[in-house]
Amino acid sequence: MRRRSVIGKRLVTIVGILVLGAAPRGWAQPLGVGDPAPAIEVKEFVKGTPVSSLEKGKRYVVEFWATWCGPCRVSIPHLTELQKKHPEFTFIGVSVWEQDQKGVKPFVQQMGDKMAYTVAMDDVPEGAHGNEGKMAKAWMQAAGQDGIPTAFLIDRDSTIAWIGHPMGLDQPLEKLAAGTWDVSAARTQYQKDQAQRRKMSELQAKLTTAQQSGDPHQMLTALDQAIAEDPAMEATLGIGKYQVLARGIKDPVKARAYGSHLIDSVLKDNAAALNQFAWMIVAPEAPKADAGAVKLALKAAQRADELAQGKDTGIADTLAKAYFDAGSPAKALQTQQRAVRLAKGTPVENDPGVRARLEQYRKAVKPH
């Protein structure tokens, strides 16, 4: 998750990196993978065949979304594709956390064939807030899910087989359809993931306190302690540690050394994380980076582009900016042209930033 735009990237703060994976406070989480699915308690079905209960012997996808949620708009057509591909599953999109449910029906009507599955509104008590709906409480809150869109995959025994982002639904859905999905293994993985989120939540509190103190050394200590206790956490915390070294403590030598370690080791096979690292340095809204930092960004973006086989719009956009900042406008233009080609037919096609950078690089290459 990167820059906040249709391209999906965003510049994040040190603590913000942790917020992305943090869990709700309190961690009252009685619901998880392998548990019986809660009841369907909605106010109204606004599209498709109403579903009063989850019947034994049938399989379902229960997905939570909202009209104001940008990522939900992106995932809705994907859910429609999956519903068409797997008619043996019943897809139910439940609108939750709405400030005003009056906007749900017009939204669904506007989506038309892009939202071709059953859609319902949460049952919110009169005068209550949107997050106090029956479905929001029994499903999302009970499972410790604080972000949408979120999908729950339900098997023939009315058991939750998987919980996650709808864009990651393909594989578990295919395997459940083929009878090869291991719910027990999925439950174990889910519990590990949630335990990780608990750690992140606790660390977030420590880092927030450290950041409020104004002492970056406290933040570095907290990050180093967390990584020492669980080396696997470095894949998530490493970018934050680099930020502390580069922008907090302002030690470019240590920052470059640690950045190289991340690129060559910790993040070397993680295209998304490498892209995040590079964009953090070269983003237009980021503080101006020195030549050493730009070199790191270019190396990270090149590796990310290699992993993505040159087929990811956002990564190509990042790589082009890294080339430009490194003093190679011709390579920047060539790469940005690829990003624009890849964007055709996707939500990124109309991203003004992508187009603006294309023109910027074109002007830099054009003879005066």
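Q: Which residues touch the most other members in the largest nonpolar core?
A: A nonpolar core is a set of buried Ala, Val, Leu, Ile, Met, Phe, Trp, Tyr and Cys residues joined through side-chain atoms within 4.5 Å. Buried means under 20% relative accessible area, exposed over 50%, and partly exposed in between, with a 1.4 Å probe and protein chains only. In this predicted model, the largest core holds 54 residues, and F64, W139 and F152 touch the most other members. Strand 2 supplies the largest share of this core, five residues. A second, separate core of 53 residues includes L262, W279, A293 and L319.

The model is predicted, with local features requiring pLDDT of at least 70 and side-chain atom pairs counting only at pLDDT 80 or more, while totals for chains, interfaces and linings use all residues. Residues are numbered from 1 along each chain as its sequence is written, and side-chain values use heavy atoms, with hydrogens and water left out.

Q: What does F64 touch, not counting residues up to four places away in sequence?
A: Contact means heavy atoms within 4.5 Å. By that criterion, F64 touches V94, V96, M135, W139, M140, I148, P149, T150 and F152.

Q: In what order do the six strands form the open sheet?
A: Helices (H or I, at least four residues) and strands (E, at least two) are DSSP runs, numbered from the N terminus. Two strands pair if DSSP finds at least two bridges between them. Here the order is 1-4-3-2-5-6, with mixed pairing. Strand 1 (42-47) and strand 6 (160-164) are the edge strands, each pairing on one side only. From one strand to the next, the twist averages 20°. Strand 5 (residues 150-154) pairs with strand 6 in the antiparallel sense over four bridges; A151 has G164 of strand 6 as its bridge partner.

Q: Which helix lies across strand 1 to strand 5?
A: Axes are lines fitted to C-alpha atoms, for helices over the stretch in contact, and angles run from 0 to 180 degrees between N-to-C directions. Helix 4 (residues 134-141) lies across these strands, at about 110° to strand 2 (59-65).

Q: Is K241 buried or exposed?
A: K241, in helix 8 (residues 234-248), counts as buried because its relative accessible area is 14%. Leaving aside neighbours within four places in sequence, K241 is in contact with L220, L223, D224, I227 and Y258.

Q: How is T236 classed by relative accessibility?
A: T236 also belongs to helix 8, and is partly exposed at 33%.
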